[in-house]
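Please open the model in your viewer and keep the sequence beside it, so that each selection can be followed in turn.

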Amino acid sequence: MWRSSICFAALTLLLVASASADDVVVLTEENFHQEVGKDRGALVEFYAPWCGHCKKLAPEFEKLGASFKKAKSVLIGKVDCDEHKSLCSKYGISGYPTIQWFPKGSLEPKKYEGARTAETLAEYVNNEGGTNVKIAAVTSNVVVLTPANFNEIVLDEKKDVLVEFYAPWCGHCKSLAPIYEKVATAFNLEEDVVIANLDADAHKDLAEKYGITGFPTLKFFSKNNKGGEDYNGGRDVDDFVTFINEKCGTNRDAKGKLTSKAGIIEDLGSLVKEFMSAKKGEEKKVVFKLLEEEAGKLKGSNARYGKIYMKAAKSCMDKGSDYAKNEILRLDRIIAKSISPNKAEEFTLKKNILSTFA
């Protein structure tokens, strides 16, 4: 039962928060010779998307890419051989994954034959490239569950919790680790949403309590259903994000940024339109009062959004109808700069709400 073949995709404790696929340079037939064989050495993985061994290597290679991201003398890259067959054929690729080292200024590669962990790959790159990079210590946004904290976290009626029951030996579980980590990172700023996992092999009694018979099994414990419901959706980041947004009322994209719908309260839409079309003076004040009354009825996070609505309405009344449009442009300029995630969220919410006044 514990080594079921129902192992579509899942997680391990070896989650990679700081690493992402973006840290490994995607090489194509168009850019390969612009990036490789120039003024830096390059370690390149030639892979196929359907290859099981490639999926197992992915989180290790991503950790490697994250660690060498700032090393100017070394590139960590990858080539999809299904998409770029001629390029892979040119370099004699006949099996997946194949890892090759291209020395600085050379397109004559050396095949890497060592172990495929981030640590051993880093040691090889350091030796070949003359660098001294260590694998970055990683932290995780996935909450690790045990019998000691399971009830406190999962059964908290103030939280929506997605739990992945996995086994460390499950190959597909390992391959999904970075995907699940990206999901956890995407919702890291949502206080009411928890992305968690449980080693069901180590905690069999708890897994059996929830009817776990294969790996992975994902269950969603909403604020209103602490019995848990099975998650049967897709295993891509976008699939998880869509599911959580629908279930939790959040508005995040796959990178964790707020979408244009964040903060928008549909029930206030008609009053905002009426407010903006009302004539100045007493007529506008009457609609403002109605808007204020409706915003005051909002609960939870919506109450926070309601306050932003009222600030926007007051500014529009005091500064004229062009205020919303001009303020949106100003906020766009600020968001484009390097600001803290919390500030970016604050300004994005304000911009979204102002758009209903513009």
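This is a predicted model: local features need pLDDT of at least 70, side-chain atom pairs count only at pLDDT 80 or more; totals for chains, interfaces and linings use all residues.

Residues are numbered from 1 along each chain as its sequence is written, and side-chain values use heavy atoms, with hydrogens and water left out.

Begin by selecting helix α2 (residues 52–67) and helix α6 (residues 171–186), whose axes come within 7 Å and cross at roughly 35 degrees; axes are lines fitted to C-alpha atoms, for helices over the stretch in contact, and angles run from 0 to 180 degrees between N-to-C directions. Helices (H or I, at least four residues) and strands (E, at least two) are DSSP runs, numbered from the N terminus. Now show K55, K56, P59 and E62 of α2 together with G171, K174, S175 and P178 of α6, which make the contact (heavy atoms within 4.5 Å).

Where is P97 found? Select the loop between α3 (85–90) and β4 (98–102), which holds P97, and look at the bond that joins Y96 and P97, a cis peptide bond with omega of about -10 degrees. Most peptide bonds are trans.

Move on to the loop between α7 (204–209) and β9 (217–222), where P216 lies; here F215 and P216 are joined by a cis peptide bond, with omega of about -5 degrees.
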